[in-house]
Every structure is written in C-alpha cells, then in structure tokens.
Amino acid sequence: MDGDHIIGGIFSIHNYMHTLKHNYTTMPEPIRCTRRLDSRELRLSRAMVFAIEEINNSTELLPGIKLGYEIHDSCASVPVAVHVAFQLSNGLDPVFDTGDNCSQSSMVMAIIGESGSTPSISMSRIFGSFNIPQVSHFATCACLSDKQQYPSFFRTIPSDQFQADALAKLVKHFGWTWIGAIRSDSDYGNNGMAAFLEAAQEEGICVEYSESFYRTHPRSRIQRVADVIRRSTAMVVVAFAASGDMRLLLEELSLKAFPPRQWIGSEAWVTDPEMLRFSFCAGAIAFGIQQSVIPGLRDFLLDLSPTEVAASPVLTEFWEDSFNCRLEKTAATEESLCDGTEDIETLQIPYTDTSQLRITNMVYKAVYAIAHAIHNAVCRNTNSTTQCDKFTRIEAKQILAQLKKVNFSQNGYDVSFDANGDPVAKYELVNWQKTESGSIELVTVGLYDASLPVGQKFRINRNLNWMEGVSEVPVSVCSDSCPPGTRKVLQKGKPICCYDCVPCPEGEISNATDSPDCFPCPKEFWPNAERDTCFPKPVEFLSFDEVLGIILAAFSVGGACLAIITAAVFFRHRSSPIVRANNSELSFLLLFSLTLCFLCSLTFIGAPSEWSCMLRHTAFGITFVLCISCVLGKTIVVLMAFKATLPGSNVMKWFGPPQQRMTVVSFTFIQVLICTIWLVVSPPFPMKNLSTYKERIILECALGSAIGFWAVLGYIGLLAVFCLVLAVLARKLPDNFNEAKLITFSMLIFCAVWITFIPAYVSSPGKFTVAVEIFAILASSFGLTFCIFAPKCFIILFQPEKNTKKHLMNKD
C-alpha cells in the first residue's frame, strides 16, 4: 500500500527457500519460497497491516499523514532476507507509481522484522550502513544488543540474555542440577544457549549433553540428537530452539517411545500453538511474552474478501491450503474449486487464534514505535492541536534518532528502548497443561520482571503440571543431595554435580545439605553422632556423685575413722606397757597425721577450683611429711633405746622428747617451705584439659610448676627411703615385739605404693589420674596404719596377757 511514508516489513511466512543447483551456464532462477506456509507468521504480517490502518484512521497520531507498507517474505532464510534488505534499502522496487507528486514512497523510513535472529543479523548489517532503523518483533539473540555492530537495530521483544537468566533461575528454583541441552544450530540457538549455560554454571547446574541441530540438516543428524535424549539420565531437557527446528525434532522423537522428560523451552517454540499437538511434551515450562489484547484485530484477520484473497498470492496460497481447494481451475490440479461457502471463522489454526496474542503484540508495538518516531519528526504541537506536514522531507536517520527517544503507552503496554535498543524484560511463566478432553493448552502460571529488585523478579502464582505420570516436581540430579553430616567429594572426570557423599571426619560437622566442606567445632564443642551439630563437650572430673568418687570418699572417711578409733584405743590404754613402750607422744602425733592423710584425699574429689588445687597438693605434701617424720622419729627412738641399754651409753639424753619434737617440726618445716615457694612462684591452678580426649573436657589441676610438684614428692620419698634404711638396720634388735620390723614393713609398702604410683599417675587418663593419686594416698596411709598399729591394737584388745613388760622384754 502506498503512503506518504513507507514502512517495510519482513516476515518468515514460509519456512524454506527453494534450493537451487547452479551450473553457471544459464541465468539462475529467481529466489522463491517453498513448502508449507506458516499461518502464525502470516498473522504477524497482517497485524502490521492492521496497525498501519489503525494509525491512518487516528486523529491523534500522524493526523493528515498516510502510512504505507511494503511487506516481503524472507522464507526464514538468510539469502532471501539479504536480497529483500538490499531491495528495501535501494528504494528502487517499482511497486508504487510515484508519478509527479512529491511522495517519498521510494524511501523506506523503517523496517519491521525479521522473526529470526540469524536473518535479522544479516539484514541489520545492511540497514545499519544506511542508518535505516530496524525494529524486530521476534529476533531475541543477545548479540543484537551490540550497538557497535548493529547501530540501527531495535526490538520490542526482550533479549535472550534476560530469558536465559530467567530459565537458569527457573531450573535452579526446582532443584534441577542435571539437565540436557539442545539448541538450534543458528545465531538464535547458539547465542541463547551460550547465555543460558553461563547463567546455569553460576547457579551450580551441570549439563549432561549439549546438542545442536537445524531444520536443513540431514535426518540422520536429527535422529542422533533424538537418540541422545532417549539414552540420557537427565530428566530435564532445556531446548533453546526455533519453532521450525523443534517441530522436526519432536516429530522424530514421537516415532519411538522414550522415558518421559520435563521440557524447559525457549519462548520461540513453547508459545507456538502449532506445537501443542505434541502431547508427550505435556508439562513443558517456558517464559513467554506477556499475553495481550488488540481490539479489532480478530475481526480484521477474519475479514478477508474473495477479491482481497485473489489479489494476493500469499493469501491465495493460505486460502487454498486451509480449505484444500483451488480458487482457479488449472489443468494440473486434482483439487476441487472453492465454491464460496468456505468460512474462515471455522478454521482452528494459528492465524485465527487470537486468544493468546504475544508476538503479535510485539509487531503491533513495533509499528506504533515507528509511527511515534515519524510523528515526532514531522509533527508539531501548537495550541493543544497537532499539525503534521506531509510534504516535510525526512530521512531514515531522523527516524533512527527519534526511535531512541520514544516512550509511550499503547493498549496499556509501555513502549520504550534502552541504550541497546532493548525493551524492559517482562515474561509470563507458561505451562503446557492437559485439559479434561486430553488436549494441551497454554496456561500462565507465573511472572518474571527483570526491572524488579533481586529476589522479587520471579514468582509463581499457580500450580504447575509436570511431565506425564509425575504428580510432584520431578527430580533431575546426577547425585542425590548429601545430607548434613557429610560433604561432597567430586567424582573423577565428571561434572561438579556428580559427587559422592563422605561422612565428616572426627571433630568436624556440616550443617547444610550438599555442603562442599566440613568445618571443625569450636574447642569446647564436639559433634553429635550425625555430625551435623556441635554440642558442648561433657565436662569430666572425679565427682562425689559417681560410684568411683563415693567409694574413694568412703575409704577416705573410713580410714580417718580407723585412725581416730586407734587413737582412742591407745588413749584408753595409754598407761599399758605396749603403749608406753611405743613412744605414746609420737604415736598420737602419727595417728593425727594419718587422719589428716586420709582426709586430704577428699580434696582431690569434686570440681577443681583455684583454692582446692592449691590445697590438695600442699595438704598432701605436708601431712605425709608429718606422718613420715613421726615414723622416722619412732625409728630413731627404737635405735637409740637399744643403744642406751649398753653399759655407759648416754645416747637417750641426746634424743629425748624435745629432740623428737624438733626432728618432726624440722622435717615438716622443710616441706612447708617447699610448698610455700611453690605456691608463691607458680601455684597449681584449675584447667580444662582438651587434649587427652577429643570428645570431652577434663577438669583438672595443672601443676603450675612441675619442679615444685616433684620437689614435694621427692622430699617425701627421701624421708621414706631414709626411714626404711633405719628400720632395716633395726629389724633384728632383740625384743619380743620388734617395733623396727613393723616400721620396715610399713615403709616397704609405702615405698612400693609410691614407686608404682609414678608410672600409673603419668599414664592414667582424665579423672583416673586423680583416682590413682587418691588410691596411692589411701594405700600408703592404710599400710602405715595396719603395719604399725594393728598388731598393737590386737594385743591390747584381744591378747591383754601379752601386754606386759616381761613379754615385751622377751623374758618369759
């Protein structure tokens, strides 16, 4: 149609170009399209005509100016698209008879199209050289956003970069980490899939296979892709393919049964009504352009008069294919003639289906965007009226400049372009759902708006249907998720989504699913059995509440009571010969020190504190020195006593009671001095032992200064050895009740206990270290008590006849 300004249109009304074999000896035939007509593309081209006629009838947009159009079929092929691009750029196509008027009909102001990305790329390189703006309604390749290469390219459909990001987030949302990927072997498929795979990698999604194909490839290539899908383990297949390519693949897949697959598709094929016949793709999900309503479009599409149809070869082909009849009789045809009763409203084809206008609205918006750009170039607003000069000569580069600035709303849909010529990305999440009749319908189940903040872009507001036979979200993973308490270990030579689950090592946990690493618990914590939580380590010390602590405490109190009872017996019979002969003063002091020795073991039981740690070691050291000093005093007294029986001996006056007391005090004072230095320089202190056991904490008393501890023990040992030596020397003294023998036995037991104590103390773990020390204290204390006092008490209580001076002197 002629007009004051011409808009070009290029659509893939046919899917194939007639293939020619050139012999270079004759002129080649004109390029022509072949195979069947795509009724959806025909609807898109007719929507362009509708929009232009609507604008021409408008009193607000371009009043007084008539737009014309020149629409071409690209056959969805690059050669035809390039040919048409040169034709429109030259403006030499003698379609319109310009005559003598000043029409600019030979100049194309802007181009709408193409539907495919690859033809659009080729066309844009041509139009860009002439500054002719090109507004595509369906070319989504992200590469076209590059203004260095495609300076005059605009589009009303979002870039595939947004769709790829949205698809990756969709796959991640449902937990699918193991997918298959197929694509058209074209700029649309290759660039779209590359963008998706990049986004998927960032989301931690792995790809089992990635296959490409194209509708012109041999059938064997398409069969191979179908076989890969059939053999794969991935339950989810992401297909970034053009509608024509995908149709061939799905037809190939339908020939043989194969396990159900969850299809995730690009907008190009999932929203194509003709694809809904493939019922085995039920449950397919994709992001589609938002549905829209264009008032009056359906009536325009259905209002085809026989004259209009007969005047257009494309409409003639469409009519004859749809009704399987011929408008004109030819000798070669076997089909019947159209009788005029054909009703286009009865057709159930994409051309007549205006229930879900998506891409159609992109064409509609593209026409209005160009019209607004022309309006801004040739019209002026004065006194609230718009005046347009139809004779104003404008060039395509002026429309290019104005297109960058357009910002308007049409039918409730905003239209504007960013610096890359792209619109704001808004999608609907669509789902193939089976109806009660068994047919497949396209249902909107969610939205995606790239202009919203992160976390709010994507939402699902309706239940989805999944692949056949699955009522819940399908699972598509290479390896099952690793539960808390384990970590992922990658399988050699496989993608990162294929891994083994290995339990966390001792002392480490993982508290999240699919954790790549385990991390250690804090020092005072330890994992539970499942190794997914850190709990405080149990605190261990020798307690009065446990059996071992009760037994040791009972023996300690019992020993102290035994020493007190023995002292009471001795006090009751203090005037008896056996008590008087055994130096009653030292005996009572020894029994007092033994009572303290028994009781000091109680300080080792219970939770260590700063005071208990200092008390237990010093009390133990001082009481035992006091005890040994008394035994040593008794031994010296025995030796001196027998030496004093010799004629002329005056030894006893040098070791009488005052000297005995001084000996005990002196030996004890040395230990008190050692303990005082120890407590001043580096005293014992409570500590948490985290090294002996990894899974529990031992509360114990650190020695502070090891030298101080071993000095205390060494001094006790030195006195014990000295006492043992003296007792051994006096063991054969001639008396009936040899005190020296009893002291010898007691010192042997004492030394044996403490010699064995050292390795046991060093090697005992945890609270048993304290138990060993208490056992050594009690054993040595009981040894001294029984060896020294038991025989005497037995004679006092049960053999009083032997408690005489004569018997003791062995003179009976």
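Is Arg-155 buried or exposed at 0% relative accessibility? Arg-155 counts as buried, because its relative accessibility is 0%. The views below start from this residue and then visit other parts of the predicted model.

A word on reading the legends: in this predicted model, local features need pLDDT of at least 70 and side-chain atom pairs count only at pLDDT 80 or more, while totals for chains, interfaces and linings use all residues. Residues are numbered from 1 along each chain as its sequence is written, and side-chain values use heavy atoms, with hydrogens and water left out.

**View 1. Arg-155 and Asp-422 meet in a salt bridge.** Here the N to O distance is 2.7 Å; a salt bridge is a side-chain nitrogen of Lys or Arg within 4 Å of a carboxyl oxygen of Asp or Glu. Arg-155 sits in strand β7 (residues 153-155) and Asp-422 in the loop between β16 and β17, so the pair ties together parts that are 267 residues apart in sequence. Helices (H or I, at least four residues) and strands (E, at least two) are DSSP runs, numbered from the N terminus. Asp-422 is buried, with a relative accessible area of 4%. Buried means under 20% relative accessible area, exposed over 50%, and partly exposed in between (1.4 Å probe, protein chains only).

**View 2. Glu-428 and Arg-358 form a salt bridge.** Their closest N and O atoms are 2.9 Å apart. Glu-428 belongs to strand β17, and Arg-358 to the loop between α11 (313-323) and α12 (359-378), so to speak a link between distant parts of the chain, 70 residues apart. Both Glu-428 and Arg-358 are buried. The structure holds 19 salt bridges, and a network of them links Arg-40, Arg-247, Asp-272 and Glu-274.

**View 3. Trp-432 is a buried residue of strand β17.** The strand covers residues 426-434, and Trp-432 has a relative accessible area of 0%. A polar atom of the Trp-432 side chain lies 3.0 Å from the backbone oxygen of Val-270. The C-alpha atoms of Trp-432 and Asn-465 are separated by 7.3 Å, although these residues are 33 apart along the chain.

**View 4. Eight strands make an open sheet.** Follow the order β9-β8-β10-β11-β12-β17-β18-β19, in which the pairing is mixed. Two strands pair if DSSP finds at least two bridges between them. The edges are β9 (206-213) and β19 (458-460), each pairing on one side only. On average, neighbouring strands of this sheet are turned by 30° against each other, direction ignored. Strand β18 (residues 440-449) pairs with β19 in the antiparallel sense over three bridges, and Gly-446 stands opposite Ile-460 in β19.

View 5. Axes are lines fitted to C-alpha atoms, for helices over the stretch in contact, and angles run from 0 to 180 degrees between N-to-C directions.

**View 6. Strands β15 and β16 form a hairpin.** Two residues lie between the strands, and Asn-411 in the turn has a positive phi of about 55°. Strand β15 (residues 407-410) and β16 run antiparallel, joined by four bridges, and Phe-408 has Val-415 as its bridge partner.

**View 7. Lys-537 is buried yet has no salt bridge.** Look for this residue in the loop between β25 (534-536) and β26 (539-540). The nearest side chain of opposite charge, Glu-695, is 7.4 Å away; Lys and Arg count as positive and Asp and Glu as negative, with His and the chain ends not counted. The Lys-537 side chain does reach the backbone oxygen of Lys-523, at 3.0 Å.

Conventions
A polar contact is a pair of N or O atoms within 3.5 Å; within protein, one must be able to donate a hydrogen and the other to accept it, and residues adjacent in sequence count only if both atoms are side-chain atoms.
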